[in-house]
Amino acid sequence: MMHTYEINIQLERLLSFVKDAETGQRGYIITKNSRFLAPYLFSRDKVNRSFIKLKKLVDDNPKQQQNLKNLFDLIIQRYTYLEGSLKYSNEKTYDKRKLDNCMFGGRIVMENIRFQIDEMNDVEKDILQKRQKIYQSEISLTPIFSIILFLVALSFILLSYRQISNDIDRLKVFNKKLLISSKLMAESEIIGAFSTWQWDMETDNIVYSDNQYRLLGHAPNSFVPEKDTFLKYVHPEDKQAFSTLMQGIIENKQLPLIYYKVIRKNNEIRYFKSIGKLLIDEQGSKIMLGITFDITEEHFQNIAIYERNKELEKSNKELASFNHVASHDLQEPLRKIQTFISRISDDDMNSLSENGKGYILKIGASAKRMRILIDDLLLFSRTNTTKKEFLKMNLNDLLEKAKLELSEIIQEKNAVILSDKLPKLKVIPYQIEQLFINLINNSIKYSKPNVSPEISISCEKIASKEFPDLLEQSIKKYYKITFTDNGMGFDPQFKETIFVLFQRLHSKTDEYPGTGIGLAICKKIVENHKGHIIADSTPNKGSVFTIFLPE
């Protein structure tokens with residue numbers, strides 16, 4: 001009703017402003033007194049302000065918007081005729097015919113304005129009637145709505161009561177779980193030999209867990225926890241440092257990891273470590289939360305480990321001394337034996353008996369085998385003791401160096417080596433080269449009689465999850481490098497023992513020379529690269545050695 005009323009008022013004002021302009025103009029034409037023009041001159045601003053208000057009022061009604069546009073166009077036409085009437089009624093520009101046309105045209109436009117205003121009023125009346133019908137309909141439904149609202153409210157009350165009842169049940173369950181959790185925490189502190197404490201930095205109030213008292217040799221809650229109270233249990237050797245640290249907590253609001261000794265109530269010395277973290281709650285209170293551990297057993301274990309490490313260092317020095325002996329003192333008499341044997345001329349050999357000749361040959365073979373054994377032992381030792389410097393290397397280049405090292409035996413046996421393209425990896429170059437030398441040499445050494453050795457080297461990238469029981473799962477990708485030969489092979493039951501130091505599957509050293517160290521060196525090299533090596537074989541068909549190196 002108010003909306004319709006406001007539109008009607010503005011339309012009446014709009015019509016009134018136009019009428020005032022028309023009346024003022026007529027008075028001026030009749031009297032030639034400019035005072036009559038005042039309503040005409042001020043009417044434009046009033047018409048514009050009224051039009052702006054009407055435009056806002058009909059903003060939600062497209063039909064009324066169009067009617068208002070038409071009305072505004074008519075009002076503009078009326079003011080055009082009013083301007084013409086003033087112009088042609090002036091003495092200087094007087095034109096009776098044009099003046100009559102303006103007066104007559106203005107009257108027709110004025111009638112159209114009234115008609116347009118009436119049409120807009122009729123539209124508003126129709127809207128008002130429709131709204132009144134809707135209002136009456138809503139009024140009639142009010143009791144129903146009230147009943148529905150009451151029922152809905154009652155339903156919500158019942159649901160709320162049920163929810164509150166369920167929340168109370170859950171709260172009981174949570175309280176029970178919290179009680180169990182608190183007991184478990186208390187038991188955990190006893191089992192783990194640690195305690196917790198809280199220090200309110202503003203109120204200087206300290207709260208201990210029960211086990212904090214026990215760690216100091218007291219029953220729970222047997223004294224009031226304070227800074228000075230705890231300080232008297234700290235060992236005299238650590239008291240000054242601990243006191244300084246406590247002052248630092250107050251100033252810096254933090255507690256770094258600290259190790260110290262305490263003297264229990266029964267005068268027993270225990271070793272502690274403590275750490276804390278500052279928390280600020282929603283009210284801005286600063287609370288230091290801390291944990292204290294009894295590390296007495298760990299302390300004595302560390303002492304034992306330290307002593308053990310000293311023994312290991314001593315053992316390593318002895319091992320280094322052994323390496324020195326092996327590389328110098330043992331090889332020197334061995335070289336002399338080989339030198340003296342080489343100086344025995346053919347005439348000297350002929351003067352010996354057959355048994356003597358056999359003994360000389362056996363001495364030479366044994367000396368040669370002894371030299372190979374010493375060299376292999378030194379090589380195995382070097383894989384453990386030398387500096388492990390990893391470099392980005394092309395494995396194809398290292399393979400070519402290995403083949404060049406073995407070129408003499410490769411030509412002698414007419415061996416054929418076929419290889420896929422190998423990757424670039426961060427490796428210890430000389431160790432990977434030695435790995436390739438040992439594997440290729442092993443395949444050639446145990447080739448079938450009168451059969452040219454054929455060695456195939458394949459390479460592919462794999463995911464560690466493909467071999468979950470074999471590879472380290474924290475490393476996602478590996479390169480799988482496989483050496484396959486057509487040699488005499490071995491019994492698969494020995495596929496793990498062949499990597500054991502000094503383990504040989506063949507006792508005939510004259511037919512299959514070796515020390516049982518080569519494959520042990522291979523395993524050690526692969527382990528140095530955080531990889532894995534496995535072997536498999538079928539007797540008289542060949543062997544397969546597979547290396548897994550991290551990407």
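**View 1. Phenylalanine 300 is partly exposed.** Its relative accessibility is 47%, and partly exposed covers the range between buried (under 20% relative accessible area) and exposed (over 50%), with a 1.4 Å probe and protein chains only. This is a predicted model, where local features need pLDDT of at least 70, side-chain atom pairs count only at pLDDT 80 or more, and totals for chains, interfaces and linings use all residues. Residues are numbered from 1 along each chain as its sequence is written, and side-chain values use heavy atoms, with hydrogens and water left out.

**View 2. Tyrosine 213 meets phenylalanine 223.** The structure holds twelve aromatic pairs (rings of Phe, Tyr and Trp, the last by its six-membered ring, with centres within 6.5 Å; planes under 30 degrees apart are stacked, over 60 edge-to-face, the rest tilted). Here the centres are 5.0 Å apart and the planes stand at 65°, so the pair is edge-to-face. Tyrosine 213 lies in helix H5 (residues 210–215) and phenylalanine 223 in the loop between H5 and helix H6 (227–231), so the pair ties together parts ten residues apart in sequence. Helices (H or I, at least four residues) and strands (E, at least two) are DSSP runs, numbered from the N terminus. Tyrosine 213 is buried at 3% relative accessible area; phenylalanine 223 is buried at 17%.

**View 3. Tyrosine 271 pairs with phenylalanine 300.** The pair is edge-to-face, 5.8 Å centre to centre, with 85° between the planes. Tyrosine 271 lies in strand S4 (residues 269–280) and phenylalanine 300 in helix H8 (residues 296–329), so the pair ties together parts 29 residues apart in sequence.

**View 4. Four residues form one aromatic cluster.** They are Tyr208, Tyr213, Phe223 and Tyr233.
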